[in-house]
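Please open the model in your viewer and keep a selection tool at hand. The stops below go from one group of side chains to the next.

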Amino acid sequence: MEAKIIYQFCKFLIGKHSEQIKSIISAPDTLLHYPIHIEFAELLDYDVNLGYLIYSEPDESLGWFDRGACQAQRVILDVEEQGNFKELVHVRINISDPIFMENPEACPSIGKIRVKHRGKLLTLKGTVTRTGSIKMIEGERYYECRKCKFRFVVIPEFETGNSIRLPSFCGSEREQSCEGTSFQFVEGSIACHDYQEIKIQESTQVLSVGSIPRSIAVVLKDDLVDIVKAGDDVIVTGVLTAKWSSDMKDVRCDLDPVFVANHVRRTNELKADIDVPDDIVQKFEQFWTDFKDTPLKGRNAILQGICPQIFGLFTVKLAVALTLIGGVQHVDACGTKVRGDSHLLLVGDPGTGKSQFMKFAAKLSNRSVMTTGLGSTSAGLTVTAVKDGGEWMLEAGALVLADGGICCIDEFDSMREHDRATIHEAMEQQTISVAKAGLVTTLSTRTIVFGATNAKGQYDPTKTLSVNTTLSGPLLSRFDIVLVLLDTKNPEWDAIVSSHILAEQGESETGRSDEDLSTVWPLPMLQRYIHYVKGHFRPVLTKEAEGIISSYYQLQRRTATENAARTTVRMLESLIRLAQAHARLMFRNEVTRLDATAAILCIESSMTTSAIVDSVGNALHSNFAENPDQEYAKQEKLILERLKSDSLDEFRYINSQEG
């Protein structure tokens, strides 16, 4: 049976994967480990028996498949007559077919792994939370019978701490059986393997409320070591086994589940969750063609899809959209980076919908981590040093796990002062420098920070934001937009909101269609739109936009004496980022006067003490205008006049000083 399976698999490789075999043969280094990647669905189509065998008995069959790969090399070498035979070849089975991925038996969640799954080929999804150091492990070795000199291979038992168990008698297949019981080790016959242990944890997005995410240790060998890092989303195919925990006196000996990986696939770069087909892109283009004459009406149609259960709050919805889309990262010739991700802080009274926006933003992002300030420590946000088996390891915290996505921190004011200080570097430089337990390193945190906090007591508009929120100036300056939502008792507004909430209760969700984008943008379409504009557009500032942003920044520097913490150079960078994000939102590759003005209006909403546009008003009561383009024309005129008059006053002042 064994010889038949090896022959069948060799035939399959020569027929379907001859190019992979040829590239391995032509490689110069014979000591490297070479993988052969095979799709499980393709193997199943070729031979159902081979597919079933690899699923039900992976331990034995994977070894046979490796030998089949070696045999395929010899067959192709006989034909090609050039290249080197490689002994260290490993067959890697990739399971990516949606039918298998949705099967709870073949692809269970980490928390639902049970004894029945032991010894089967499984596929697990999760996030890498810990990566161990790369070690060397002893593999197969040769022994010789002292009586008949027969040599045989012995594979250490992984379950019992890689211990060797010799056979009870000699297994030589001669006419007369040897039956020798004394064996000696053949010097220099040990094969060593690279070995690394990582820990993967269930993704919090797929968990039901109240569930604690479970994790499992995963063993990587040979060519699989060091291909993932903490924070990566992975799909691992392998075999579930168990390892004896260390035997100590008077302590019960347990079996720890361990997953021995055969194939590892990173899903960070693939962005497999958000797929934007060509017909959807055409819909986006058609949408903007329809709103060519009234672009802001089109923009508002998109914004109404953000958190539709909350009435109004136009300013907040615009801020959330611009934060999620973000600007373009700028890298100069020296390699210095200016971040492209924006950060948003909502400050407001209870019941103003801060947490609702946060949860919706987490849904819109393809990668998100939600936490609260009360339950977050500096180690939990950044990285933790953990001792595992006498060795120190770094375990990724919330900001590292959210790399490339969004980190939502509710109750921001509940965090201790020391814990708040740890995220300064993560927000501006987008890295976390660690020096813990002898591990000195820098980790990447390219994440959007979305914070929400209540004001300290009754919000006092005459005092600065720093006094009202008890947040330090350096931390506030790192947020691009800080929106203050004050619950002033407005009877007209309360009547409109209550009627909207009651109407929402009576409306059925089934009535909404995905087709007409001019009226409603459903969540999946919003996700695709944000993902597409972030990847497709890299807006460039026009001279006019540059002039407006520069004038506004200079005006704020002159007037903002009380709120000096917010008007640093970071404010200028924030204006550029928001203008670029608005251009992306408007489906453009150029930052125009409209984008620069929209960015100024966003910043104005967060300027409580030094606003130059009085008509902005309370962000909580900002509603969607019926004719946004006409409304914008008034605001633009007001801003430009103010900027122009201030520039003129400054020019006169300088002349008088020189005179």
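Begin by selecting Glu105 and Lys116, which form a salt bridge (a side-chain nitrogen of Lys or Arg within 4 Å of a carboxyl oxygen of Asp or Glu) whose closest N and O atoms are 3.2 Å apart. Both residues of this pair, 11 residues apart, lie in the loop between α6 (98-101) and β3 (121-131), where helices (H or I, at least four residues) and strands (E, at least two) are DSSP runs numbered from the N terminus. Colour the two by accessibility, with buried meaning under 20% relative accessible area, exposed over 50% and partly exposed in between (1.4 Å probe, protein chains only): Glu105 is partly exposed at 36%, whereas Lys116 is exposed at 53%.

A word on the basis of these values: this is a predicted model, in which local features need pLDDT of at least 70 and side-chain atom pairs count only at pLDDT 80 or more, while totals for chains, interfaces and linings use all residues. Residues are numbered from 1 along each chain as its sequence is written, and side-chain values use heavy atoms, with hydrogens and water left out.

Next, select Arg577 and Asp480, a salt bridge with its closest N and O atoms 2.8 Å apart. Arg577 sits in helix α20 (residues 569-585) and Asp480 in the loop between α16 (473-477) and β22 (481-485), so that the pair links parts of the chain 97 residues apart. Are these two partners buried or exposed? Arg577 is buried at 2% relative accessibility, and Asp480 is likewise buried, with a relative accessible area of 1%.

Move on to Arg588 and Asp595, where the closest N and O atoms of the salt bridge are 2.4 Å apart. Here Arg588 is partly exposed, with a relative accessible area of 23%, while Asp595 is buried at 0%. The structure as a whole holds 9 salt bridges.

For the last stop, show the surface and select Tyr142, Val153 and Ile155, which form a nonpolar patch with about 300 Å² of accessible area together. Patches are made of residues with over 30% relative accessible area and no salt bridge, like charges being joined within 9 Å and nonpolar side chains (Val, Leu, Ile, Met, Phe, Trp, Tyr) within 5 Å; the accessible areas come from the Shrake-Rupley method with a 1.4 Å probe, and for residues only the protein chains shown count as cover.
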